[in-house]
Amino acid sequence: MTEPKFKKIKSKAKMTEILADNFKELDEASRTGSKPIAWCTSVGPAELLLSMGFLVYYPENHGALLGSTRECLEYMPKAHAIGYSPDCCSYLASDVGAYLAGKTPLRKAYNMEGVPKPSVLVFNTNQCRDVEDWYRFYEREWGVPVIGIHTPRGIGDVDEQLIDYVAGQMENLVEPLEKISGNKFSAEKFSEVVGLSRRTTDLWWDVLSCATKVPSPITFFDGTVHMAPAVVLRGNAIANTYYEILLEELNGLVEHAVAAVDGERLRLYWDGMPIWGKLRDLSTFFLSQRTNVVASTYCNSWVFKAFDAADPFRSMARAYTELLICRSEEYKEKYMADVCKEFKCDGIIFHDARTCPNNSNNRYGMTERLFKERGIPTVVVNGDLNDLRCYSEEQSRLSLEAFIEQIGQGK
Ligand code: SF4
């Protein structure tokens, strides 16, 4: 039997181009002060910022770049040395460490001077507390204001009272943002950006949904690459143009039953953060096992079905509060079981990321419940998003091989 090969997605070249343009614009604004720049958490209120004339930069994207290039391994100790525990978010440690070292992979990737200088740092604690602590470092360092939204955790039903609470906090951001940007808030512009984000989210879900087909034309590892516009360019028309191009290509692959993993035999769900410095190794491993990781909590986290241009504040509040990461165990369990069914998954891999308990859903009995009550087999891989000292290649490979053998019996 011949060795299976990676399938190239041709649209990626277009994505590289639009991301380069985005970072070029940020770099230009940072150098010249031509436009205000807001740093925003990955599931923060980006639409409001864009509508008020800010260019938006996402430090977690920088964290992922530091992880995938493995440059973080050199920089994280610098953050640990100034008191950030090796147990706190390794994106935070990577980013702060890179700042302390005066380095960034953005220079090589996009020829940027450095990370773009912010006028304001805007967080939402819907994902974790670390994001606020992260921004407080730069507040102390640069004297830049930090503003944000505190979202409760462990949410069951997202009810109207909760939406009032979160939407109210979002509305309260308008006044400080007007002062910082010098731009007046426009309800019309805000509604337009929320409408664009809704389109981005719908297209991104259509892309991910191609993996419901058997065989699937994409993998989770493709998703971690192609999600970039949904993360850093949502609310911009160019993200939608890109996903239309990508979708056309993927629909063509589906039509011709082209498999991302040759001879696709098993289909899995990945819960938790990617292990950025090991994406290539892991995707090669799964390819060799003729197993496709077709669905993930991570890639699905940028699907915000609640966005509604007719009701921008409340729908944005709902979209950023319905996220899996801030929901109850019961909600998460049902969600994963439903996605497994929709994507025809044979089991779930839980990545227990040492420095991100927020995205590690295996820690409170979920694996047992999924198996006993719903018959879904699971395996846990211990690792981390960026800190590869927490990851054992050998141990993970053995666990995954045993899991694949077990669920593959009879297939
Ligand atoms: S959710 Fe996890 S990975 Fe993301 S910023 Fe928070 S601790 Fe870090």
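How far apart do the C-alpha centres of domain 1 and domain 2 lie? In this predicted model, the C-alpha centres of the two domains are 22 Å apart.

**View 1. The two domains and the contact between them.** The domain assignment divides the protein chain into domain 1 (12-185) and domain 2 (190-408), and 47 residues of domain 1 are in contact with 42 residues of domain 2. On the side of domain 1 that touches domain 2, the elements giving two or more residues include helix H1 (12-32), helix H3 (59-68), helix H5 (90-101) and helix H8 (160-171). The residues of that side of domain 1 comprise 25 nonpolar, 15 polar and 7 charged.

**View 2. The shell around the ligand.** Because domain 1 (12-185) and domain 2 (190-408) both give residues to the shell, the ligand lies between them. Among the residues that surround the ligand are Glu60, Cys89, Tyr91, Asp130, Met273, Cys356, Asn358 and Leu385, and by class the shell holds 7 nonpolar, 3 polar and 2 charged residues.

**View 3. Strand S7 and its buried residues.** Strand S7 (residues 347-353) is largely enclosed by the rest of the structure, because 7 of its 7 residues are buried. Gly347, Ile349, His351 and Ala353 point one way from S7, whereas Ile348, Phe350 and Asp352 point the other way.

**View 4. The strands paired with S7.** Strand S5 (residues 266-271) runs parallel to S7 and is joined to it by 4 bridges, with Gly347 in S7 as the bridge partner of Leu268. Strand S8 (residues 378-383) also pairs with S7 in the parallel sense, over 6 bridges, and Asn382 in S8 is the bridge partner of Asp352. From S7 the chain passes through helix H18 (residues 366-374) to S8 in a right-handed β-α-β crossover.

Key. Residues are numbered from 1 along each chain as its sequence is written. This is a predicted model: local features need pLDDT of at least 70, side-chain atom pairs count only at pLDDT 80 or more; totals for chains, interfaces and linings use all residues. A residue is near a molecule or strand if its C-beta atom, placed from the backbone, lies within 6 Å of it. Ala, Val, Leu, Ile, Met, Phe, Trp, Tyr, Cys and Pro count as nonpolar, Asp, Glu, Lys and Arg as charged, and the others, Gly among them, as polar. Domain bounds come from an automatic or database domain assignment. Two residues are in contact if their C-beta atoms, placed from the backbone, lie within 7 Å. A residue is buried if 20 or more other C-beta atoms lie within 10 Å of its own, exposed if 12 or fewer, and partly exposed in between; C-beta atoms are placed from the backbone. Two strands pair if DSSP finds at least two bridges between them. A crossover is right-handed if, with the strands pointing away from the viewer, the path from the first strand over the helix to the second runs clockwise.
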